[in-house]
Amino acid sequence: MPTVHNLPQPFKIAEVIEESYRVKTFVLEGSFEAEPGQFVMLWLPGVDEKPFSLVNSNPVTLTVARVGPFTSELHRRKPGDTLWLRGPFGNGFTLEGEHLLLIGGGYGVAPLLFLARKAREGGRRVSVVIGASTARDVILAEDFLALGCHVIIATEDGSRGFRGKAPEVAEELLRDINPDALYACGPGGMLEAVRMMAGRRGLPVQLSYESYIRCAIGVCGSCQRSGWLVCRDGPVRRA
Amino acid sequence: MKREPDLSVELCGIRLRNPLILASGILGTGPDLLVRVARAGAGAVTTKSCSLKPRKGHPNPTVLDWGHGLINAVGLANPGLEEMSRIIAQAKELLKPLGVPLIASIFGGKTEEFAALARKLNSLPDFIEVNISCPNVEAEMGRPFATDARMAARVTAAVREASQVPVIVKLSPNVTDIAYIARAVEEAGADAISAINTVSGMVIDIHSGRPVLANRIGGISGPAIKPIALRCIYEITRVVKVPVIGIGGVTSGKDALEMIMAGATAVGIGSAVYYRGVEAFGQIAGEMRDLMAELGYETLAEVRGLAHRA
């Protein structure tokens, strides 16, 4: 069993990378063992504590979009500043098959990069559909390319790559790509579309769910979806 | 031939297949989760405390494992009476075929709010548990009613009058004499007592020099508080006749038997869900049966209060 930091531990920011006009990647000093799909609770003392999927565990890396007061505050943090993390928590993705198709919607792309890295390290083929509403919201495409992934971009307005939502574009390409397993992370509607698609094709699928998380350790019940605890039973679910 | 030990108990005339009750504040947020706990082996389940109006609760961090137990200050987050009534009604329907009673926990800032909650919930739940002992809302609500015998008795009497179902009053360990308060709520009409709520505490992060919980102060639960809980149950059951639900740090069948030997009729399970998962209920019940067989007990009535012998 890898060590879990039950109480928030300090990690210094080593580097901040601007991924887009509102997404930053925080590379931290230090590492821990974690699986792709697992998450950490990021504490800013005096502000709040929120869940984020890991983009890498060595060094610990988080990719965060500025969407509210907490993430705005986080975006003001600079190299040398400290972030506090507890975790990693939850059940991550399991690698299966020789050719993986990853489908990411919006910021859901981030944890898939961790999965792609692990899959590529194991010599597997990886195709990834990066979905975004418009060209300037497409993130991490170069990182997936650098890992040797087959990258397909889908924007809803067609401003970059294929026009359409990520699952629609993925389904059109499915025959050519012919993957052994599907993996998805993104908004609920997108996950449902990928789940249905996998059902139609008889493909195994793993989906990473989001929820409002308080305890992260399976006791408070805040994150439950029909009795399923996103923080402890998930966040990744095999459909 | 030796009979399989019988774990069933009676609480205010209601039969529980075993004495293990899901404590309030743990997993009691929805009908499916309550049913999951019942299927995992609980004898009864308690909902998250419900207030008249929805409450957001405190910002995070709200729950932490500090090494020897948990500490929490969730701040009584709940969707309010209207939504909780729906959750309770749905849960009750689903729990009925399983034979697992439902306890609705209620919380208010004033005596009248407690009474209004009990009146409106009517006979929807099988029991009402009166949470007068949350240690985490003091800044907003003042000292918990459970720290003052007169106030505790006043709330108990008001809920007893308003309620159609047995009333359990949940007491705080953060007092000088818990037995005195237990007697006050019994005299005011409590049908049962549950104890203890969490022990008030704090965890500090040395790197930031700040308390880790956003509320600064929180309630400690888990293994660290078991001896405190056992002492409280012992002191309470020495002076009251109503049944007591012993809560605090029970994570094994051995712990549960200790609680019953201290005088408890039933046993609350909370933090054990963190240590052992939802499966804790079935596992603890199994361990109780094994230990009872080993020690030569056939019923929990033989075990109850053994620690009180001269």
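A: A:E171 and A:R200 are joined by a salt bridge, with 2.7 Å between the closest N and O atoms (a salt bridge being a side-chain nitrogen of Lys or Arg within 4 Å of a carboxyl oxygen of Asp or Glu). This pair links distant parts of the chain, 29 residues apart: A:E171 belongs to helix α4 (residues 166–177) of chain A and A:R200 to helix α5 (residues 188–201) of chain A. Helices (H or I, at least four residues) and strands (E, at least two) are DSSP runs, numbered from the N terminus. A:R200 is exposed, at a relative accessible area of 52%; buried means under 20% relative accessible area, exposed over 50%, and partly exposed in between, with a 1.4 Å probe and protein chains only.

The model is predicted: local features need pLDDT of at least 70, side-chain atom pairs count only at pLDDT 80 or more, and totals for chains, interfaces and linings use all residues. Residues are numbered from 1 along each chain as its sequence is written, chains are lettered from A and ligands numbered from 1 in the order in which they are written, and side-chain values use heavy atoms, with hydrogens and water left out.

Over all chains, the whole structure holds 22 salt bridges. One of them joins the side chains of A:R77 and A:E73 at 2.7 Å, N to O. A:R77 is classed as buried because its relative accessible area is 18%. In chain B, B:E113 pairs with B:K110, with 3.8 Å between the closest N and O atoms. B:E113 is partly exposed at 25% relative accessible area, and B:K110 is likewise partly exposed, at 48%. Salt bridges that share partners also connect B:K226, B:K254, B:D255 and B:E258 in one network.

A:E156, A:D157, A:E168 and A:E172 form a negative surface patch; patches are made of residues with over 30% relative accessible area and no salt bridge, like charges being joined within 9 Å. A:E156 is placed in the loop between β10 (150–155) and β11 (162–163) of chain A, and is partly exposed at a relative accessible area of 44%.

B:S49 is buried, at 3% relative accessibility. Its side chain makes a polar contact of 2.6 Å with the side chain of B:S105, and another of 3.0 Å with that of B:N131. A polar contact is a pair of N or O atoms within 3.5 Å; within protein, one must be able to donate a hydrogen and the other to accept it, and residues adjacent in sequence count only if both atoms are side-chain atoms.

A:P36, in the loop between β2 (23–28) and β3 (39–44) of chain A, is buried at 3% relative accessibility. A:P36 and A:F114 are 78 residues apart in sequence, yet 5.3 Å apart in space, C-alpha to C-alpha. The peptide bond between A:N58 and A:P59 is cis, with omega about 0°, and A:P59 falls in the loop between β5 (56–57) and β6 (60–65) of chain A. A:S226, although not a glycine, has a positive phi of about 50°; A:S226 is exposed, at 63% relative accessibility. B:R216 is also not a glycine and has a positive phi of about 70°. B:R216 lies in the loop between β13 (210–211) and β14 (217–221) of chain B.

Definitions and conventions. Patch = residues over 30% accessible without salt bridge, like charges linked within 9 Å, V, L, I, M, F, W, Y side chains within 5 Å. Areas by Shrake-Rupley, 256 points an atom, 1.4 Å probe, with all protein chains shown as cover. Lys, Arg positive; Asp, Glu negative; His and termini not counted. Charge placed at Lys NZ, Arg CZ, Asp CG, Glu CD.
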